[in-house]
Amino acid sequence: MRKLTPELLDHLPHDDPGALRSRADLRRINFFMGNERWIASAIPENTRHITEIGAGEGHLLSRLAGKFPQAEITAYDLAPRPAHLPPSVKWLQGDLFSHAPPADGGTLIANLFLHHFTDPQLAELGAWMRGFHTLLINEPQRARLPVLLGKLATPFIHPITRHDMRVSIEAGFAPGELAETLGLTPHGFHVTETTDWRGAIRLVCQRCD
Ligand SMILES: C[S@@+](CC[C@H](N)C(=O)[O-])C[C@H]1O[C@@H](n2cnc3c(N)ncnc32)[C@H](O)[C@@H]1O
């Protein structure tokens, strides 16, 4: 069963030194897990709109702005707009639940984001996602091997990351859970789910109509 514990990084000022260190760890974790490479390779070539929810420091979107110059890119996060972001990327700061989804659909990305939320909140987010054509979701898998890998990484990561990694895995998902909680299949999405030994659970969801 999922266990939700507040993550320390979510409650620190954006420029706190520990938060800066922990966000640098997160970049390395994303690199080790291959998360951004997987997302970039799964985006349909001809996509006209890319939206990322919980975009963090915007590194993935900076990369995608170069790879998909034809696409309009929009980001949602509680954090302020990162300084390095290309001006073409639209950044919407604030609680995602208080924003309407973009009207144009396209491709939606959620990377290490959905595990923050309770099941009723995920059901609400599932409704928020229904206007998109493709959903690419990468989340922590709730399993023993990722916990062990997290323990092995202990000497190399900041204590905030150590805490947040453990609680992220506890709040992560077992196969089948995420699609069901988001209510994707009954609302017209075809879902393909895979797992990766480095601790990711990945969904590619395509609208059937
Ligand atoms: C674990 S970080 C992942 C960031 C990025 N996707 C990555 O992989 O580096 C989760 C992000 O979700 C954002 N976040 C959490 N709750 C949110 C909410 N209710 N609305 C918008 N963003 C939120 C946080 O500010 C944070 O940047």
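Trainee: Which residue in the hairpin of β6 and β7 takes a positive phi?
Mentor: Before we look, note that this is a predicted model, where local features need pLDDT of at least 70, side-chain atom pairs count only at pLDDT 80 or more, and totals for chains, interfaces and linings use all residues. Numbering runs from 1 along each chain as its sequence is written. Helices (H or I, at least four residues) and strands (E, at least two) are DSSP runs, numbered from the N terminus. The hairpin has three residues between its strands, and the one whose phi is positive, near 110°, is Gly199.

Trainee: Which strands stand at the edges of the sheet?
Mentor: Let's walk across it: seven strands form an open sheet with mixed pairing, in the order β3-β2-β1-β4-β5-β7-β6. Strands pair if DSSP finds at least two bridges between them. An edge strand here has a single partner, so one of its sides is left without a neighbour in the sheet, and that describes β3 (89–93) and β6 (189–196).

Trainee: What is the average twist from one strand to the next?
Mentor: Angles run from 0 to 180 degrees between N-to-C directions, and axes are lines fitted to C-alpha atoms, for helices over the stretch in contact. From strand to strand, the twist averages 15°.

Trainee: Which residue is the bridge partner of Val191 in β7?
Mentor: Start with the pairing: β6 and β7 are antiparallel partners over eight bridges. Look along β7 for the residue bridged to Val191, and you will find Cys205.

Trainee: And which residue of β7 is the bridge partner of Glu139?
Mentor: Here we turn to β5 (residues 134–140), which pairs with β7 (residues 200–207) in the antiparallel sense over seven bridges. In β7, Glu139 has as its partner Ile201.

Trainee: What angle does α2 make with β5?
Mentor: Helix α2 packs on the sheet, where it touches β4 (107–111), β5 and β7. Touching rests on contacts (C-beta atoms, placed from the backbone, within 7 Å). Compared with the direction of β5, that of α2 makes about 170°.

Trainee: Which strand does the direction of α3 make about 175° with?
Mentor: Helix α3 packs on the sheet too, touching β1 (49–53), β2 (72–77), β3 and β4. The strand in that angle of about 175° is β2.

Trainee: Are α2 and α3 roughly parallel or roughly antiparallel to each other?
Mentor: The cut-offs are under 35 degrees for roughly parallel, over 145 for roughly antiparallel, 65 to 115 for roughly perpendicular, and oblique for the rest. The axes of α2 (residues 35–42) and α3 (residues 59–67) come within 11 Å and cross at roughly 30°. These helices are therefore roughly parallel.

Trainee: Which residues of α5 and α6 make their contact?
Mentor: Helix α5 (residues 144–152) and helix α6 (residues 159–170) have axes 10 Å apart and pack at about 180°. They are therefore roughly antiparallel. From α5 come Pro146, Val147 and Gly150, and from α6 come Met165, Arg166 and Ile169.

Trainee: How are α1 and α6 placed relative to each other, oblique or roughly parallel?
Mentor: Their axes come within 8 Å. The crossing is at roughly 55°. So the two helices are oblique.

Technical notes
Contact = placed C-beta atoms within 7 Å.
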